[in-house]
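Q: Let's take this one feature by feature. Give me the general idea each time, then the case at hand.

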Amino acid sequence: MIDLQEFSWLTAAWDQVSARWKSLSHGILITGNPGIGKGHLALELTRLLLCKEPNEDKACGQCASCQLLENSVHPDFHVLVPENEIDSQPEPIREHANRYFMSEKGASSSRKPSRVIGVDAVRLLSESLVMKSGQTGRKVSLITPADRLNSNSMNALLKLLEEPTADTYIILVTARPYRLAATIRSRCIQLECPTPVPRMVRSWLDRRYPETTIDVLPFARCGIGPLQINAILVGGEQALFQALFKKLCMPTLTGTNPWLLAQDCSAIGIQTALRILQYRALAQIRELATGVESSPGCNNESAFSCRESSIRTFLEIGQFLLGPTGAVDEQLFLEDICTRICQERES
Ligand SMILES: [Zn+2]
């Protein structure tokens, strides 16, 4: 378990939200780049909101409510997560989310895990929230990543935000708030978590892995946050990522075989690789528009040949990642993107 205090870059955001926790509106939108600890911040806020004897702006950690949450069996904590994201969540979030899968699924185990949070899950949440709270009187619902709600589930959620049950908080967590309907965003207070600069990430990792030297700049340049780097180190996948970074950050990709590039992408997981390529495309669009580097201090070599190519790649990957699982062959799609990158760099 990671303690929120470890994330120095989240201190200001936490102080901001915890100082006024007693008067928070019932809709809370937590945003910020992937892998920076937004889920942990949401969890800490949940602890505080559900605690029976909070110590000013901190949960006591001792009361029955805190214990229930710690043991992942709190009756007033309701979590919605898409099935394919469940394994990457901190433990109490994962365990609480399972409750909704049990009721919602019942489907065959051979189907691929869903990428979206469906309307049935939101309806079930809505039914649960009208029930009386079992502990402090307060109920907390966490939806993460909230950008995985589809249009039907967003409509159902909107109703919940418009007609909230008493003492209920709905915390939405996302790295892509622009994917949420404006009507949902306007009903939430927004808490933006800053991305730590590479120096902060390096000292955080140095404390955790004093024996390991890790170059955090290529990770930062590919939009991979400190918690994701931590998971990569735990999984022993550092060399696989470095092989891909080497190709993507080369002064030029001329002469790179697209199949080899696709192979390096597949090695880290196609979805992860596509997110990296999409992040690079977005970074390039921003850099061309503003003239400001998206990751100061990182090698500024671009993977795409021009603005049009970056925009096209960004949109296509976005569409693919949102589409139903299995609708398009992942490997073929990846090879297509890699071929384009390599060919454009050659022309
Ligand atoms: Zn407590």
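This is a predicted model: local features need pLDDT of at least 70, side-chain atom pairs count only at pLDDT 80 or more; totals for chains, interfaces and linings use all residues.

Q: What phi does aspartate 167 have, and in which loop does it lie?
A: Its phi is positive, about 55°, although aspartate 167 is not a glycine. The residue lies in the loop between α6 and β4 (168-174). The element names come from DSSP runs, numbered from the N terminus: helices are H or I with at least four residues, strands are E with at least two.

Q: Which other residue has a positive phi although it is not a glycine?
A: Serine 72, at about 60°. Look for it in the loop between α3 (64-70) and β2 (77-80).

Q: Now the peptide bonds. Which two residues does a cis peptide bond join?
A: Threonine 144 and proline 145, with omega at about -15°. Proline 145 sits in the loop between β3 (139-143) and α6 (151-162).

Q: Zooming out, how many helices and strands does the protein chain have?
A: There are 15 helices and five strands. Of the 347 residues in the protein chain, 37% are buried. For contacts, the rule is C-beta atoms, placed from the backbone, within 7 Å. Among contacts with a separation of 6 or more in the protein chain, 73% are between residues 24 or more positions apart.

Q: How do I read a pair of packed helices?
A: Two packed helices are described by the angle between their axes and the distance between the axes. The axes are lines fitted to C-alpha atoms, for helices over the stretch in contact, and angles run from 0 to 180 degrees between N-to-C directions. Here, the axes of α1 (residues 11-18) and α2 (residues 38-50) come within 11 Å and cross at roughly 30°. That makes α1 roughly parallel to α2 (the label for angles under 35 degrees; over 145 is roughly antiparallel, 65 to 115 roughly perpendicular and the rest oblique).

Q: Which residues of α1 and α2 meet?
A: From α1 you have Ala13, Trp14, Val17 and Ser18, and from α2 Leu41, Glu44, Leu45 and Leu48. The residues of this contact divide into six nonpolar, one polar and one charged.

Q: At what angle do α11 and α12 cross?
A: Roughly 145°, with the axes of α11 and α12 (residues 258-267) coming within 9 Å. Leu240, Ala243, Leu244 and Lys247 in α11 meet Leu261, Asp264, Cys265 and Ala267 in α12.

Q: What about helix α10? Which of its residues are buried?
A: In α10 (residues 226-234), Pro226, Leu227, Gln228, Ile229 and Ile232 are buried. They pack against α8 (198-208), α9 (217-221) and α11 (238-248).

Q: Next, the cores. How many residues does the largest nonpolar core have?
A: A nonpolar core is a set of buried Ala, Val, Leu, Ile, Met, Phe, Trp, Tyr and Cys residues joined through C-beta atoms within 7 Å. The largest one has 49 residues, and Ile30, Leu80, Ile171 and Leu172 have the most contacts inside it. Helix α2 gives the most to this core, with seven residues. A second, separate core of 31 residues includes Val216, Leu244, Phe245 and Ile337.

Q: What does leucine 172 touch?
A: Not counting residues up to four places away in sequence, leucine 172 touches Leu29, Ile30, Ile143, Ala146 and Cys188.

Q: And leucine 277: buried or exposed?
A: Buried, with 25 other C-beta atoms within 10 Å. Leucine 277 lies in α13 (residues 270-290). Leaving aside neighbours within four places in sequence, leucine 277 is in contact with Thr313, Ile317 and Ile337. Leucine 277 and isoleucine 337 are 60 residues apart in sequence but 8.9 Å apart in space, C-alpha to C-alpha.

Notes. Residues are numbered from 1 along each chain as its sequence is written. A residue is buried if 20 or more other C-beta atoms lie within 10 Å of its own, exposed if 12 or fewer, and partly exposed in between; C-beta atoms are placed from the backbone. Two residues are in contact if their C-beta atoms, placed from the backbone, lie within 7 Å. Ala, Val, Leu, Ile, Met, Phe, Trp, Tyr, Cys and Pro count as nonpolar, Asp, Glu, Lys and Arg as charged, and the others, Gly among them, as polar.
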